Amino acid sequence: MTLRAGLLCGALGLVLAGLMLGSLAIGYVAIPLPTLVRAAFGLADPATVTIVQQLRMPRMLLAVLIGAALGGAGAVLQGLLHNPLAEPQTLGITGAASLGAVIALYFGLVGIMPFWLPVCAMIGAGIATIILLAVARENGATLTLILVGIGIGGISIALTSLAMNLSPNPWAVSEIAMWLLGSVRDRTFDEVRLAAPFVGLGLAMLVATGPSLDILSLGEETARSLGLNITRTRVLAILGTSLAVGAGVAVSGSVGFVGLMMPHLVRPIVGQLPSRLVLPSIIGGGALVLAADIAVRLIAVGPELQLGVLTSLVGTPFFLYLVLHLRRQLR
Amino acid sequence: MTRLVLDRVAVPIGRETILRDIAFAADAGALIGLVGPNGAGKSTLARTVAGLLAPSAGHVLVDDRPLAHLSRREAARRIAYLAQGDTVHWPLAARSVVALGRAPHATGFGRASPGDAAAIDRALARTGTAALADRDVTRLSGGERARVLLARALAVEAPILVVDEPVGALDPHHGLNIMALLREEAARGTLVIAVLHDLALAMRFCDRLIVMGAGRIAADGRPAAVLSPDGLRRHYAVTGHHGAHEDEAFVLPWRSLAQKPGKSKE
């Protein structure tokens, strides 16, 4: 890692730590900062500890987890597919993971064992990633891949709608609808325990692909001639994306465009080598989603804004800007 | 001294056998041209020598060891490969691109090995690209980019260098420049194998030409012998103008004949 990348990771880490504290501070009960820090480690009066640890901390941790997962997956997918527009949302991976989770909810698998929720979401994400990779090998053009992503996203939405349409229970429908908008509100440590191991494992795999992604920027054949085991790189990237994004989406619904934005935000600072983008995108992704989650709580407009709605409101114009900016290269 | 031997190699792509009965031996310090008409199997042979395609029969031997028995990285350290029309997918600095050529030497988790910086500087210096080191490769001219990509292949510092059509899309100035660089590399003791379409360049710069025809070796020998009037007619179905300039023999393909390349008229 270069000095600049190290400094950036350090700075982003500090921002993230600040945001984590800020996130714990927000709520009905005002808690002074020193008490807050002590309560976070269980060293305050029981009521305050319960508020901070049981009510506020799961929300904070889940926002960081999903952000880190999306940021890391975005950086790795962009490097792997040589595509500046690649990320879980635009490629339909988030949608496929949502579909997996909806299937788990719809068929009552979650009632049997909560474990099925992240597993089905990860399977959905995995299938989408494998389809994308197969297409990318046939035709690596940036636009083709985005179009296939739109297709995968479309099928996922259609099937999710079908499930909601056929559902006999109107409450379940509104549950699913709200969940699809993406939020980390009212979560417990159960969700954290469900998602964290998979997200952690997935992130480790994504980080491990870094050096190989640099070599892959020379093209597949040249990368092979330099001794790179491309199959291993692909498997790591697919599994890493599926685990991290699948588990993240399973507990927070679809939060879009974080994976698209983060790598582009850190490129001006650390340069274009794909490996240097992964770690800053993970830390920055966590900070970005946490900041967005703090924002939805501070913006007072009737019912609380859903997290996924806010990231889409910011992310979609960013996507359009990128498309216009990259127009020449995309042809 | 590195020695490359192909022992009755056959290579399939999918179900079709593209190359059959390929046998030749080559030693360090030579520039060998792979020539022949379109579709004769030149690039397939280059990729086989580079270890990117696996033979279905026979062996590719590097220093008497079958290439298939070497690990990926061992093979990558012995044979450098420059693909046809190679591109770089991100706007990286030229030096970063050349540095990727050191990948086969990396120790452990993608960490640089001690000799890397020196090898990168040497590759930049030899290709005259030191001044371009900080420039974005995607914004270089075609000729400049070709030199940077050659520097990437040279940075591997492998005893064998395989290049597929290194001068295909270049103007005469840059084409001659690249051929002179390959010549120098051979003089330094590297075994250079280059797929070439330009017979005038092949005749002038190569020590030896291997002519491919329909997936087999149709001729193998000194350029002047292989590209004789008779050879041109048989392998390429063209007539040629043979001459000499500044004490170097040259050939200029002149007219296509009413027969298909690779068929002898007897």
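The expected span of a helix is taken as 1.5 Å times one less than its number of residues, and helices (H or I, at least four residues) and strands (E, at least two) are DSSP runs numbered from the N terminus. This is a predicted model, in which local features need pLDDT of at least 70 and side-chain atom pairs count only at pLDDT 80 or more, while totals for chains, interfaces and linings use all residues. Residues are numbered from 1 along each chain as its sequence is written, and chains are lettered from A.

**Helix H14 of chain A**
- The 25 residues of helix H14 (residues 274-298) of chain A should span 36 Å at 1.5 Å a residue, which agrees with the 35 Å between its end C-alpha atoms.
- H14(A) is mostly covered, with 19 of its 25 residues buried (20 or more other C-beta atoms within 10 Å of a residue's own, C-beta atoms being placed from the backbone).

**Sheet of chain B**
- Six strands form an open sheet with mixed pairing, in the order E6-E7-E8-E3-E9-E10 (chain B), where two strands pair if DSSP finds at least two bridges between them.
- Strand E6 (79-82) and strand E10 (216-221) of chain B are the edge strands, each pairing on one side only.
- Strand E9 (residues 208-213) of chain B pairs with E10(B) in the antiparallel sense over five bridges, and Gly213(B) stands opposite Arg216(B) in E10(B).

**Contact between the chains**
- In chain B, 20 residues are in contact with 19 residues of chain A, contact requiring C-beta atoms, placed from the backbone, within 7 Å.
- Helix H2 (residues 72-78) of chain B gives the largest share of the side of chain B that touches chain A, four residues.

How values were computed
Contact = placed C-beta atoms within 7 Å. Buried ≥ 20, exposed ≤ 12 C-beta atoms within 10 Å, placed from the backbone.
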